Structure formats: C-alpha cells, structure tokens
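Good morning. I have one structure to go through today, and I will keep it short. Please look at the screen.

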Amino acid sequence: MAAVDDPDEDLVRRVGRGDAAAIQAMVARKLPRMLTLAYRMLGDAGEAEDVAQETMLRAWKQAPRWRPGQARFDTWLHRVALNLCYDRLRRRREIPTETPPDRPDPGPAPDRGLLAAELGVRVDRALQGLPERQREAIVLCHYQELTNIEAARLMAVSIEALESLLSRGRRALRRTLSDLAPGAEAAGKGDPE
C-alpha cells in the first residue's frame, strides 16, 4: 500500500508536541469545516457545535499518536465527525418526544433577506429529508468539497456506489425543490395541452 500524501502531516506533528500556535492553526483550519459538516448532517446548530468541538478535542488527543502514511488526517477527522453525527441521529430515533424541541431558525441572518432565509430553510429541510447515506454523500461532495474518491474512501464504499448515492440524492432534492427551478411558475400557469 502506497503512502498517502498528507498536507496536514507537519501541523499534526506540531500539535502532537503541544505547539500552541499549531493547535490554534488546526482549529482555525478545521473547525469551520467540521461545524458545517455537522450542521448539514444534523440540522441543529447547537448539536453541530457540540460535534465540532468533540471532533477537535479528539484530534488534539490523537495528534501525539498519529502515524502518517496510511490515511490523510483530514479524512480521519471527517470520519470522526460523521461517527459523532450518526451517534446523535441514532439517539434521536431512540428517544421519541411528544413535542419537538424549540429550535432557532437555521436560515441566514435577517440582513440577507427574507427570500434567502426561506430558500436556505427549504434546502436544509430537503437535505434532512434524504436518507442518511445520500445526505452524507451530498454533504461530503457538495458542502465539504471532497472529491468523489475521498468521499467514497471516507464512506467505505466504491466510487460507483458513491456516485449512485449522489445521483439518487440529487434526484430527490430536485423533486422536493422542483418549484424553485427557473421557469417552474411559468410552467404551472401555461395552457393545458
């Protein structure tokens, strides 16, 4: 098995030695991506923050023992975040509640406009409506900007299986959000054939 080129190798080594500047650099570089990943998987800002913080804590604890060459650190970090998300999603299914918890509006800030907020909420809801594996594939490839090869490796599936998950997820999102497509209003108002 060939050694994997890891752009984070030096940073992880420095974090493992307790270099405060390296720890800050790792948090600055990785925390926003982990937060985005967790939010897209869970749909809850508070839970996403908890997952992102736990992921960074585990990265800091693992850094002294990290052995470069087998996998990229970023791939391992994504896997940790995804596993933490799946733990929370499993707990949600196990604890039924009579009323949903109060949740802050996850849409964009009000200064970005009411339409942008509504669109963001609709897309987030549609994403949450996907099966977990399809959502994971969409989040990794479109929001986390991983390549298909990286995402497939992270999900432990073949590239063909990943592409199938992406295709089914995109189709489901298109169906759910079909009224947002350009010309959708006009198409609905035309004369019947």
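Start in the loop between helix H6 (132-143) and helix H7 (148-155), where you will find glutamate 145. A helix here is a DSSP run of H or I with at least four residues, a strand is a run of E with at least two, and both are numbered from the N terminus. Before going on: this is a predicted model, in which local features need pLDDT of at least 70 and side-chain atom pairs count only at pLDDT 80 or more, while totals for chains, interfaces and linings use all residues. Residues are numbered from 1 along each chain as its sequence is written, and side-chain values use heavy atoms, with hydrogens and water left out.

Back to glutamate 145. Its phi is positive, about 60°, although the residue is not a glycine. Most residues other than glycine have a negative phi. Glutamate 145 has a relative accessible area of 63%, so it counts as exposed. The cut-offs are under 20% for buried, over 50% for exposed, and partly exposed in between, with a 1.4 Å probe and protein chains only.

Alanine 156 also sits in a loop, the one between H7 and helix H8 (159-176). Its phi is positive too, about 60°, and it is not a glycine. At 69% relative accessible area, alanine 156 is exposed.

Now a residue in a helix. Lysine 30 belongs to helix H2 (residues 20-42). Is lysine 30 buried or exposed? Its relative accessibility is 6%, so it is buried. Which side chain does the side chain of lysine 30 meet in a polar contact? That of aspartate 74, at 2.9 Å. A polar contact is a pair of N or O atoms within 3.5 Å; within protein, one must be able to donate a hydrogen and the other to accept it, and residues adjacent in sequence count only if both atoms are side-chain atoms. Leaving aside neighbours within four places in sequence, lysine 30 is in contact (heavy atoms within 4.5 Å) with Asp8, Met56, Asp74 and Leu77.

Next, the chain as a whole. The protein chain has nine helices and zero strands. Of its 193 residues, 37% are buried.

Last, confidence. pLDDT is the predictor's confidence in each residue, from 0 to 100. The chain averages 83, and 79% of the residues score at least 70. Over residues 186-193, pLDDT stays under 50, and the model has zero contacts beyond four places in sequence for them.
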